[in-house]
Amino acid sequence: SVAIEVVQLFLPGRWSSLADVIANTLGAALGVLLVRTAARWLSPPPRRAAWLAFAGAVGAALALAATTALVRPALPDSRYFGQWTPRFASMAWYRGFVDSVTLGGQTLPDGEIPASGQARAGLLAGLPLHVRASAARPTEALAPIFAIADDRQRGILLIGADRDDLVLVYRTRAAAMRFDQPDFRLAGALRAMRPGERLDIVVDRIGPHPCITINARRTCPSLGPLVGWALVWNPGRLTPAAHTAASVAWLAMLLLPSCYWTVCMSRRAR
């Protein structure tokens, strides 16, 4: 783990972290512990199975509650920079044009935002973020239309296009803790847009329950407690059916230990 983190010092776009070394080491230690104590938790007596089932249920409830907390905004108090249709090496380039960006009554320029503290407070307070732009052709991958980053190159917010989907991403508590970054995705929202056509995007607030308006068409998506899988691994573009399947599978995985020990308890009690 230490070797991997050292190598990342020399890889562009990668960051080394002592927290990663600690997490990897603790994960390996936990794996060894589970293997060495497998007989105690795979075939427990009824009394122990009851306690394990209870602990599994509590763990599942805590995981769902933690997901709700981790998808809330975590915006650092630092210098912010607006980015209009930026070109990032890891993303596609949106070939439309941004005319203006406002947050409440504050203009967010293409460059350093003079009153970064005011912009941060406005985002947290839920002031409407209004992006006026001209549309481009559908992209082949996620392409930012407007983004905010800070002086440490941390992504604060991104509004982008992914094929014909509109995507909203903001820095969550999960991202601050080095988990993966979930996103809001309005499937097909840009499908009817022609190159050069007027594109008005308004995000009323950031957080687990934002409201997004595209050319007067308003949608209010949400990130519920079942998207914990996206904090572990977010593959990006998914169909609505695949997204639902991933959420159901995540819930089943959380409930599986408690159900298993409940069955063990009932079988041993007979």
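Which residues have the most contacts inside the largest nonpolar core? I started there. Leu108, Leu129, Ile145, Leu157, Ile159 and Leu166 do, in a core of 44 residues. By nonpolar core I mean a set of buried Ala, Val, Leu, Ile, Met, Phe, Trp, Tyr and Cys residues joined through side-chain atoms within 4.5 Å; buried is under 20% relative accessible area, with a 1.4 Å probe and protein chains only. Apart from this core I found another, of 5 residues, with Trp229, Ala230, Trp250 and Leu254 among them.

Notes on the source: this is a predicted model, where local features need pLDDT of at least 70 and side-chain atom pairs count only at pLDDT 80 or more, while totals for chains, interfaces and linings use all residues. Residues are numbered from 1 along each chain as its sequence is written, and side-chain values use heavy atoms, with hydrogens and water left out.

Next I looked up Leu166. Setting aside neighbours within four places in sequence, I listed its contacts (heavy atoms within 4.5 Å): Ile145, Ile159, Gly160, Phe184, Arg185, Leu186, Ala189, Leu190, Ile201, Ile212 and Ile214.

Then the sheet. I read an open one of 6 strands, antiparallel, in the order S3-S2-S5-S10-S11-S12. S3 (106-107) and S12 (217-219) are the edge strands with a single partner each, so one side of each has no neighbour in the sheet. Strands are DSSP E runs of at least two residues, helices H or I runs of at least four, both numbered from the N terminus; pairing takes at least two DSSP bridges. S2 (residues 97-103) and S5 (residues 129-134) pair over 6 bridges, antiparallel, and Leu103 sits opposite Leu129 in S5.

Pockets last. On a 1 Å grid over the protein atoms alone, a pocket is an open set of points where a 1.4 Å probe fits, with protein on both sides within 12 Å along at least five of seven lines; lining residues have an atom within 4 Å of a point. Volume is the space filled by probe spheres set on the points.

The largest pocket comes to about 1700 Å³. I found 37 lining residues, with Trp15, Gln153, Arg154, Gly155 and Gln181 nearest the centre. S1 (80-84), S6 (142-150), S7 (155-162), S8 (165-170) and H6 (173-176) each supply at least two.

The second largest pocket has about 360 Å³. Asp183, Phe184, Arg185, Leu223 and His243 lie nearest its centre, out of 21 lining residues. H8 gives the most to this lining, 3 residues.

Technical notes. Buried < 20%, exposed > 50% of the residue type's maximum accessible area, 1.4 Å probe, protein only.
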